[in-house]
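Hi there,

Here is the structure I promised to pass on. Please open it alongside this note, and my findings follow below.

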Amino acid sequence: MSVGAGLERPQVVSHVQQGLSYTVFDCKWVPRSARLLCLGSAARGTGLIQLYELHGARLELLREIEKPKPIKCGTFGATSLQQRYLATGDFDGNLNIWNLEAPEIPVYSVKGHKEIINSIDGVGGLGIGEGAPEIVTGSRDGTVKVWDPRQKDTPVANMEPVQGESKRDCWTVAFGNAYNQEERVVCAGYDNGDIKLFDLKTMSLRWETNIKNGVCSVEFDRKDINMNKLVATSLEGKFHVFDLRTQHPTKGFASVSEKAQKSTIWQVRHLPQNRDIFMTSGGSGSLHLWKYEYPAQRSKKDSEGSEMGVAGSVNLLQNVTLSTQPISSLDWSPDKKGLCVCGAFDQTVRVLIVTKLNKI
Amino acid sequence: MPVWLRESSWRQTLTAVYLELPLRGARATPANIFCGEQYLKVSIPPFLFEAILYAPIDDTNSTAKIENGNIFFTLYKKEPAIWDSLTLANADKEKLQHLRENAVLKAHEKAKEETEAKKITKQEHKKYALEATMKLEEAERKRIEDLKEKERQKVAKELELWKKQQKDADKYESIQKKRELHQEIKPLKERKNEKMNKTRIPNEGTSKTKLKSTKGCHGSSSMFSQNLKEEQLPAPRSAATIKVNFTPRVFPTALRESRVAEEEEWLHKQAEARRVINSDLSELEDLKEEEKNPDWLKDKGNKMFAMGNYLGAVNAYNLAVRLNNKLPLLYLNRAACHLKLRNLHKAIEDSSKALELLTPPVPDNENARVKAHVRRGTAFCQLELYTEGLQDYEAALKINPKNKNIEEDAEKIRHLIQGTMQSS
């Protein structure tokens, strides 16, 4: 680090640290506000949703909602900015959408899966992108289901293992390519290292690959553009960045992979304001901030004349260790550049600010 | 024998002695000169000059200059006096020797002291350097900390500012919304009346529109508000299923759990074993094609074992082993046959060979290893070597702790051992 004129690299400043009395699995900013949500599981086996507001150097608890089953994940991705309904997946396989002003009865509820919903994502809401609002859930029962909040009980798309095939846990799901009303793509990562890309317009499998280690988190750099990049993180400290603009008929997408640390990389999150910067959180309680550099030419012709992509390179901008326990969830604020919240298994939630992102 | 240098010339003052020594062409370096308190030696092989001085001199301050093939000594006397001669005249051999040794010793001690003094100063210097660097580093650290603090404060301020902005924006928005709502309700009411009129007239029209809206939304609150919204959003997708296949794996363990190296080795071995054909061509010519295939022979052997024809089975396995002696299963099955035939020693041999071939130990060959241990254990017990038998049973239990039969048999053997020990 050049220590010449001040600190030139982006710094990760820990702004607030809040100890919690329960295990937090997911934390999310409430869009258009300085409020954040923590979702988790209390010691007595019930689910908790806590709403905090950022006041100066501390978090003030505004509301606490208790639910019968522990909650694993949540998203605001499929609601409008006025409603701001939270969609959650819990340990029992239930998908619920809550109105936080009146949380006693869910706005939408379905027992979507037989086992815990590991991951959830929403698209079509918050004024981002076009098309119908949809929610995708990935579960330990090996299926990935897409739901429309206007349609009760049955999913609008179901990606399930072939009859008789032994199922693999789906650990993560993400929406992408939602640049117009019809196009949409779901990416799912499984515990055996499979990554599958499903096209919802043609209802088919568009691409699949295996990265050898279980896939902990996948995310597109933007949900609402023509699919550009996908980052997939896995166990044993590796993550892969796929360039999705050029698909080769046999080789698929070009990728670059990086080994960040020895422990699992739990989450990857792209900065909403700059799609080439992303943060990965690790099992050793560390956060790494990365920047992707595009290559001079993003695609080239191979020996048979078909186009194949060229992967760029990834640079580490900063890394910081905040905790001794894994940081399992991470969320950037869509409203303030550089503001993010992370929740770790040491029962603390931390609000961080990453500085100097304008200068990158 | 050294060549003595004797052509020295000297003169003296009260405090010093000046000695000039021509070197006869030899070249001198400081290493060749040795000077003690009362002893002076110049040794340039093969030349040698030695002098026991009349009186002690101060050897630290005395100098020697090497120039033009001569050495000029300037020796400062310890006690100012006039010397009768340069060297001690009445020096007998012993005294000479003694003096020489003393001089050498003294020189050694001096050297030692010097090195120690050097060491001490060196250490002190090091300590000082260390402290200095530590101070520098502390200063550096502090500077960085300060910079970070500043950043933190700056950022906190920005955040507060942004929050305020948010709050204000929110308030503004809510006020706007209220105003808009008021405005909207009026035209909405008008439109509602219009639509009501339209739907009453054409009946077909109504059913169609009704179908459309019900298809699009289940459980909607009012058909009217939904219509407005649906103008912006497409209908939900028609449900479909995509079937997926998962990447097959030879071993269903995650990468970090698998003992990939060992498993690879095992697979490799198996593959190789199948390929090995150690055959004795002359004998095999009169065998049919199938009979040259060790797998086929193994199957034959298995069938005969099942029917009770143990000798036949042994023959089949023997032939198979001659063809390919790397398949562990052949030995394993042959051991079972020998057990039935009560060829206990052969059973033990075969089980041992099978176990040898079943390395490295992986989950894949667990069953085979359990069987091998059990068979060998049984053979030992039937030979009344109960301790060895028990060892094998315990090994089998270790691989597969859930097998009740093995447990019970192991218990029985333990009892037997205890029984025999008590009685003997």
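Let me start with a helix pair: α6(B) and α7(B) are roughly antiparallel to each other, because angles over 145 degrees count that way. Their packing angle is about 165°, and the axes lie 8 Å apart (axes are lines fitted to C-alpha atoms over the stretch in contact, with angles running from 0 to 180 degrees between N-to-C directions). The crossing is left-handed, that is, the near helix is turned anticlockwise from the far one by less than a right angle. Helices here are DSSP runs of H or I with at least four residues, strands are E runs of at least two, and both are numbered from the N terminus.

A word on conventions: this is a predicted model, in which local features need pLDDT of at least 70 and side-chain atom pairs count only at pLDDT 80 or more, while totals for chains, interfaces and linings use all residues. Residues are numbered from 1 along each chain as written, chains are lettered from A and ligands numbered from 1 in the order written, and side-chain values use heavy atoms, without hydrogens and water.

Back to the helix pair. On the α6(B) side, the residues that meet α7(B) include Leu297(B), Met304(B) and Phe305(B), and among their counterparts in α7(B) are Ala313(B), Tyr317(B) and Leu323(B) (contact means heavy atoms within 4.5 Å).

The largest nonpolar core has 23 residues, and Leu297(B), Ala313(B), Tyr317(B), Leu330(B), Tyr331(B), Leu332(B) and Cys337(B) touch the most other members. Such a core is a set of buried Ala, Val, Leu, Ile, Met, Phe, Trp, Tyr and Cys residues joined through side-chain atoms within 4.5 Å. Two or more residues each come from α6, α7, α8, α9 and α10 of chain B, and α7(B) gives the most, with 8 residues. Leu332(B) also touches Ala354(B), Ala368(B), Lys371(B), Ala372(B) and Arg375(B), leaving out residues up to four places away in sequence.

Chain B as a whole has 12 helices and 9 strands. Of its 424 residues, 28% count as buried (under 20% relative accessible area with a 1.4 Å probe, protein chains only).

Over in chain A, have a look at Gln318(A) in strand β27, residues 313-321. Gln318(A) counts as buried because its relative accessibility is 10%. A polar atom of the Gln318(A) side chain lies 2.8 Å from the backbone oxygen of Pro10(A). Gln318(A) and Leu289(A) are 29 residues apart in sequence, yet their C-alpha atoms are 5.2 Å apart.

Best wishes

Note on methods. Buried < 20%, exposed > 50% of the residue type's maximum accessible area, 1.4 Å probe, protein only. Polar contact = N/O pair within 3.5 Å; in protein donor to acceptor, adjacent residues only side chain to side chain. Parallel < 35°, antiparallel > 145°, perpendicular 65-115°, else oblique.
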